[in-house]
Amino acid sequence: MYKEYSTKHILNVHKHCDGGWFWIKYSASPYLGCEYGCSYCYCREDKYDPHKREIDPEIIELEDPFSEYIKVKKDAPDLFRKAITNKPKDLIYLDSYQPVENKYGYCRKILEACLDLEFPIFINEKSPLLLKDLDILNEINKKSYVNVGWSIIASSADKAFSIFEPNSPNPNSRFESMKILSENNILTGTILMPILPYIYDSEDNIEEVVKKTASNGGKYILDGGLTLNGYCKNYFFNFLEKYNSSLIEKYELLFSNDKLYSQVNIKIHKIVLKYCQKYNLQNYITRPIDYFPIEYQINKKVSEKLFLKAREIQLEGGDRYKEWAYRKAAWEVDELEESISTIYRNEGLKGLLKIKGVGKSIGMEIEKLIKSNN
Ligand code: SF4
């Protein structure tokens, strides 16, 4: 069921770039809810869920309002164009295409605005439906930047797939679409998230996903673990029960024991790294910087390294203080209003240490990065 509604809000401007992951600063979606209805989807959390039962009586009877009742923002393309005009150029995150797009075509119109205004985009994609707009993607790619990350956690449409991603396009159709993008010189890869523990964390499944990514022209694998909060946990557990009820106990234990949760995810990450190495894929996305003003590009390059360091420490279960020290320094460098090269040229290391969040050890790393860039 599709329901149009009026809103003035379409563009989210994030406080900081999500450094180390997709490199996004903005996000936008013309639709709320998702017809694919993945059972692990965190968007059902109260803070994201647009389907407030108490204020929307039409959906009280629905089993999963999130996937059965899609809210469509009236005039979304115009709203988007207006919201993004005059914003500093930076990467925009767009959600996956879904069947509602066949009726409204708003994703295409949003892409047209990105093309006209030369904004770069990252799409987290689940559906070959995206390819209907390959012509515009190619144009945006020529003018600025396009990166399509295919959300794939299962190497094939097995029993678990039909339970945990009940309405999604088959993984093979996503790999085939990845190949088409790659043949069009569009950067693409796999978002291997969330890897479901005890279900999709086997070496066989992970190797197969990495291998298929490589053979279909993907350039990276970005992995991440499962989070289950509030309503999402109960919702997911219903599907877990259907799949294999003996896993309920293991999941209860996993999600009530931080140490175990962390150990399991570190182990999974190591498997991903092993196969990324074997198939020569990056485990991160290189930060695009060409669309930033030339004098700030060095800030983006330096902060990229700091963000990636923070992410590496996080995924390997390292020291949390160190992780946050890198992340905070990265944000400061990323958002500086003058070139870090100029600061260094004028004041040397002393100048770098005046940047908030930059201590001696990170300051010296930044110094090396600036020197190696000259
Ligand atoms: S495709 Fe993405 S947004 Fe849609 S239900 Fe699945 S995880 Fe959620």
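Two strands are taken as paired if DSSP finds at least two bridges between them, and strands (E, at least two residues) and helices (H or I, at least four) are DSSP runs numbered from the N terminus. The structure is a predicted model, in which local features need pLDDT of at least 70 and side-chain atom pairs count only at pLDDT 80 or more, while totals for chains, interfaces and linings use all residues. Residues are numbered from 1 along each chain as its sequence is written, and side-chain values use heavy atoms, with hydrogens and water left out.

On these criteria, an open sheet of 3 strands is found in the order β1-β5-β4, with mixed pairing. Because β1 (2-5) and β4 (31-32) stand at the edges with a single partner strand each, one side of each is left without a neighbour in the sheet. β1 and β5 (residues 70-73) run parallel and are joined by 4 bridges; K3 has K71 of β5 as its bridge partner.

Another open sheet is formed by 7 strands in the order β2-β3-β6-β7-β8-β9-β10, and its pairing is mixed. Its edges are β2 (11-13) and β10 (221-225); each has a single partner strand, so one side of each lacks a neighbour in the sheet. From one strand to the next, the twist averages 25 degrees (axes are lines fitted to C-alpha atoms, for helices over the stretch in contact, and angles run from 0 to 180 degrees between N-to-C directions). Within this order, β7 (residues 121-125) and β8 (residues 146-151) pair in the parallel sense over 5 bridges, and I121 stands opposite V146 in β8.

Two backbone features were also identified. The peptide bond from M193 to P194 is cis, with omega near -10 degrees, and P194 is placed in strand β9 (residues 187-195). N86, although not a glycine, has a positive phi of about 75 degrees; N86 is found in the loop between α2 (76-84) and β6 (92-94).

The ligand is surrounded by C34, Y36, G37, C38, Y40, C41, F66 and K126, a residue being near a molecule if one of its heavy atoms lies within 4 Å of it. This shell comprises 6 nonpolar, 1 polar and 1 charged residues (Ala, Val, Leu, Ile, Met, Phe, Trp, Tyr, Cys and Pro count as nonpolar, Asp, Glu, Lys and Arg as charged, and the others, Gly among them, as polar).
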